[in-house]
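Colleague: Could we go through the packing and the pairing in this model, one question at a time?

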Amino acid sequence: MKCVAKKSILKVKPYVPGKPIEEVKREMGIRKVIKLASNENPYSPSPKVIKAIRNASVNINRYPDSGCFYLRNKLANRLKVSKDFLIFGNGSDEIISLATKVFLSDKEEVVLAKPSFLMYDIFSNISGAFIKAVPLKKDLSYDLNAMAKAITVRTKIIFLGNPDNPSGKFFTQKQLEDFLKKVPKNVLVFIDEAYYEFVNSKDYVDSVGLLKKHKNIIVSRTFSKMYGLAGLRIGYGIGHKEIIDLLNRARDPFNVNSLAQAAAVAALSDQPYYRKIAKEMNAQKTIIQKKLNELGLDHKESCTNFILIDLKKDAAKVTDRLMQKGIIVRNMNFCGWHTCIRISIGQKEENQKFLNALEGVL
Ligand SMILES: Cc1ncc(COP(=O)(O)O)c(C=O)c1O
């Protein structure tokens, strides 16, 4: 007799992450490897964060604080929201997962953009939901009108990545407000703002402000990107208490480890460090974009820490050649863009090596 899994799991294509640096070192026998594949922050966290992790490490014989007391207080003050409007997760991935667990049953529907961040599709499929994937527009922005039209009586969640990955594009306050007018109040609008801290535009959405008018919104953010804590896994959701209470029912009581909690508090307290990093990453992005223009390569304007590049040739081959040179970039085959790669902004020297290698390979 075979153990039989629920049918929906068979529809799930497992997430394939960017290759870890150590794996490429082992496989290629290379000592120095540069990773520009997972939209990580290339800089170490602030020294204050490292100190906080060290201090917290002596107590890891204890379970973590299930309620994330200090982090909750700090963040509630910073965002000017009530403490019970917050939920913390093992990465913001977990907030996506909790929303799908809580709101989706078999045969109910999810509306998302295609391509968009893969985990919306994966978690929704695990829950047995039917996915309505609405293609991006030609310029890779969301087709919010088509997404509104895709809503039916069975729709339970709409996923909006803002900015989204892999496009790097965002939609504006006005576009979102117009969209929300078309969404029934019983449909959860999940706004994923993993790259929120990178966006420098006056038009960008004030999603926390929108919570005043809309009870059916949840916003997720993360410490993985700007705050450089991807390895510790910590993110959060902001929403009305009723929504947060529901998500909390499905949450593992000790889902956020104590080192991550301490690190996140320290990171929020050291804004000057992260402002400096953000400035440097922006400057590096401009240098990369300039060089891509010189090389005649088609790339998309990005308000994030990554850039999508259309090489107009087989991206898998180029990715392999770069890997042989010890540079890991993301091949966009998995979302049907066979000629595209996505790179994250690295440190100055890393970007330079990547650009030289790319020019050589092409
Ligand atoms: C759009 C988007 N959302 C969410 C995440 C998940 O981030 P984490 O689980 O590390 O918070 C990512 C990670 O790459 C992302 O690109």
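Modeller: Strand β7 (residues 217–222) and strand β8 (residues 235–239) are paired in the antiparallel sense through 5 bridges, where two strands pair if DSSP finds at least two bridges between them, and helices (H or I, at least four residues) and strands (E, at least two) are DSSP runs numbered from the N terminus. This is a predicted model, in which local features need pLDDT of at least 70 and side-chain atom pairs count only at pLDDT 80 or more, while totals for chains, interfaces and linings use all residues. Residues are numbered from 1 along each chain as its sequence is written, and side-chain values use heavy atoms, with hydrogens and water left out.

Colleague: Which residue in β8 does Ile218 stand opposite?

Modeller: Strands of a sheet pair through backbone hydrogen bonds, either parallel or antiparallel. For β7 and β8 the sense is antiparallel, and the residue in β8 that stands opposite Ile218 is Gly239.

Colleague: Which are the edge strands of the open sheet?

Modeller: The sheet is open and has 7 strands in the order β2-β8-β7-β6-β5-β3-β4, with mixed pairing. Pairing on one side only marks the edge strands, which are β2 (86–89) and β4.

Colleague: What is the hand of the β-α-β crossover from β3 to β4?

Modeller: Strand β3 (residues 109–114) and strand β4 (residues 130–135) run parallel and are joined by 6 bridges, with Ala133 in β4 as the bridge partner of Leu112. The chain goes from β3 to β4 by way of helix α5 (residues 118–126). With the strands pointing away from the viewer, a path from the first strand over the helix to the second that runs clockwise counts as right-handed, and this crossover is right-handed.

Colleague: How are α2 and α10 oriented to each other, roughly parallel or roughly antiparallel?

Modeller: Helix α2 (residues 47–57) packs against helix α10 (residues 258–269) at about 150°, and their axes are 8 Å apart. Axes are lines fitted to C-alpha atoms, for helices over the stretch in contact, with angles from 0 to 180 degrees between N-to-C directions. Angles under 35 degrees count as roughly parallel, over 145 as roughly antiparallel, 65 to 115 as roughly perpendicular and the rest as oblique, so α2 and α10 are roughly antiparallel.
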